[in-house]
Amino acid sequence: MTAEAEEETAAHVPVVIVGAGPVGVTAALLLARRGVRTVVLERHHDVYPLPRAVAADDEVRRILQAAGVGEEFAAIARPARGLRLLDARHRVMAEFPRATQGAHGFPQTSMFDQPELERVLRDALARRPECDLRTGVEVVGVGVGMDVGPGVGVGVGQDSSGPVRLTFRRDGVEKHLWADAVLGCDGAGSLTRDAVGAGWQDLRFEERWTVVDVRTSVPVRCWEGVDQVCDPDRPATFMRIGEDRYRWEFRLRDEPEPEPDHERLDERLHERLRELIAPWVDLPYGADFEVVRQAEYTFRARIADRWRRGRIFLLGDAAHLTPPFIGQGLGAGMRDAHNLTWKLARVLQQGADERLLETYESERAPHARHAIRLAVAMGWAMTGGQDGAAALRRGVLGAAFRIPGLTAAAARDLSPALAAGPLVRRRALRRARWGGRGLVGGICPQPWVTVDGRRVRLDELLGDSFAVLTAAPLSPSLRAVADGLGARTVQVTGLDDDGRLSAWLRAGRADAVLLRPDRVVMDEVPSGADDFTDTAGWASLLHSTRKPLPAQRTIDTSLLRSATR
């Protein structure tokens, strides 16, 4: 077959996802729930068997619930009590407790083994006919039109909503795929990032650390949370991952450290690791202590200077790199997937305005940058820097964290409300008349509710599309908006949720809110008003030119018994 003939017969799919890590597979599952077909290309033949990410917050667990694997993840997760900052003598400087049930309906921090999570996700992927996972595939070119030589992306001025062409090799044979969109979930060394012409913005943090994962039956002194040791001489992190699984992380000194000699592993344990872990465990010679993995990493703080070109998008480590000190590395990528997939599905399936896709980077990039800066701040809190003022800064830090309410505020700041934008409608009138910024931009809490005699989480009632939560009867204009979006409307009274949603609306001085599919509050009806604050501002982006959405019926107390999941 000639190159021209092969080009004409190359398969065309709605979405190609480059990379089958947790972010890529979660994106595929979220798209599948909206009926969007995907092909996932992964260069490895199987799940990488060693642990990497180990922590997920309650928002990430809600995203896994949306992807259809919430219960499966619960079976492999272990709730953690929170985070402690310790000084060099392991005295507690500050404590960030995490609740057993957060606002999203799950433990605020859960520990897990990444290979187990990836198995759960891939098993779910295999059950979805919309998803096609192809392993052992090396993607060598991504671009629009014919501009797809190896490693070449979209040329200058070629931002386009047209199809994207991928070139990949499998079993030594080069092939092509056409896609309406490409999601680059291919990690820090992303070829997709090169394809969109993105560079790194350095957020000024780079340190070498060694990470040691162990399995042992030896008693370990553990508070069932994460310890961060704020010692400039040897900062460290410790956490329990599973029943007999633990992780230690130690910053490497500037001088070269010896490479691990696996033939002398026992000797190395007793000579080096035994000393490092002594504050947590007494390790007798010959004890049951298996090193599952020891690896050296360079922790960096970076963010891509662009996340999109045409229909090519960056997600996860392809778009941002963060030190691990607040456990948001994987979480940021999962938030990327949750933010982008519903928008992409609406554009591809329902003909929504292409400008809807521009809100992905404008919403996610500031959010990711905020999380990275928090992680960098925590890193500096741990090390204090190497100058003469390090001890003074650590003393000030310890005193600051004893201020009442500060640790709780810092914990809430891990995932702040989105800034105002096309899909986050805040207006000066709202602030002037009712005070504050209201609920818009934040995420709706997820209490347990009663449906058909069953206790379910709120999202199981709301489904996968837009939703209106209201404490008052809908006006005709509000009902028209809900019908136009295909939104399910739910009266919050009588949900048997201990009044949480009603109290949330009252605290935000709102009679009703409009929830996006990712459960971000897009707009609100302020108390005493009869309409959303700025319907005209977002309606044009969501207007569908194909497949009008069927209107969902209103769900109130009288209909709960017949509501479906």
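I take helix axes as lines fitted to C-alpha atoms over the stretch in contact, with angles running from 0 to 180 degrees between N-to-C directions. The model I examined is a predicted one.

**Entry 1: H2 and H8**

I looked up how helix H2 (residues 22–32) lies against helix H8 (residues 329–350); their axes come within 9 Å and cross at roughly 30 degrees. Angles under 35 degrees count as roughly parallel, and H2 and H8 are therefore roughly parallel to each other. I noted the crossing of H2 past H8 as right-handed. On the H2 side the contact involves Pro22, Val23, Thr26, Ala27, Leu30 and Leu31, which meet Leu330, Gly333, Met334, Ala337, His338, Thr341 and Ala345 of H8. I sorted the residues of this contact by class and found nine nonpolar, four polar and no charged.

**Entry 2: H3 and H8**

I then turned to helix H3 (residues 58–66), whose axis comes within 10 Å of that of H8 and crosses it at roughly 45 degrees. That angle makes H3 oblique to H8. I recorded a left-handed crossing for H3 and H8. Glu59, Val60, Ile63, Leu64 and Ala66 of H3 meet Gly331, Met334, Arg335 and His338 of H8. The classes in this contact are five nonpolar, two polar and two charged residues.

**Entry 3: Leu344**

Setting aside residues up to four places away in sequence, I listed the contacts of Leu344 as Val15, Ala181, Leu183, Phe313 and Leu357. I also checked Arg311, which is 33 residues from Leu344 along the chain; the C-alpha atoms of the two are separated by 9.3 Å.

**Entry 4: H15**

Which residues of helix H15 (residues 500–507) are buried? I found Leu501, Ser502, Trp504 and Leu505. They cover an arc of only 160 degrees around the axis, and therefore lie on the same side of H15. I looked next at what these buried residues pack against: helix H13 (458–462) and the strands S22 (467–470), S24 (510–515) and S25 (521–526). On the face turned away from the buried side of H15, I found Arg506 and Ala507 exposed. Finally, I examined what follows H15 and noted Arg509, which has a positive phi near 50 degrees.

How values were computed: Residues numbered from 1 in each chain as written. Predicted model: local features only at pLDDT ≥ 70, side-chain atom pairs only at ≥ 80, totals over all residues. Heavy atoms only, no water. Buried < 20%, exposed > 50% of the residue type's maximum accessible area, 1.4 Å probe, protein only. Helix = DSSP H or I, 4+ residues; strand = E, 2+ residues; numbered from the N terminus. Arc of directions from axis to C-beta. Contact = heavy atoms within 4.5 Å. Parallel < 35°, antiparallel > 145°, perpendicular 65-115°, else oblique. Left-handed = near helix turned anticlockwise from the far one by under 90°. Nonpolar A, V, L, I, M, F, W, Y, C, P; charged D, E, K, R; others polar.
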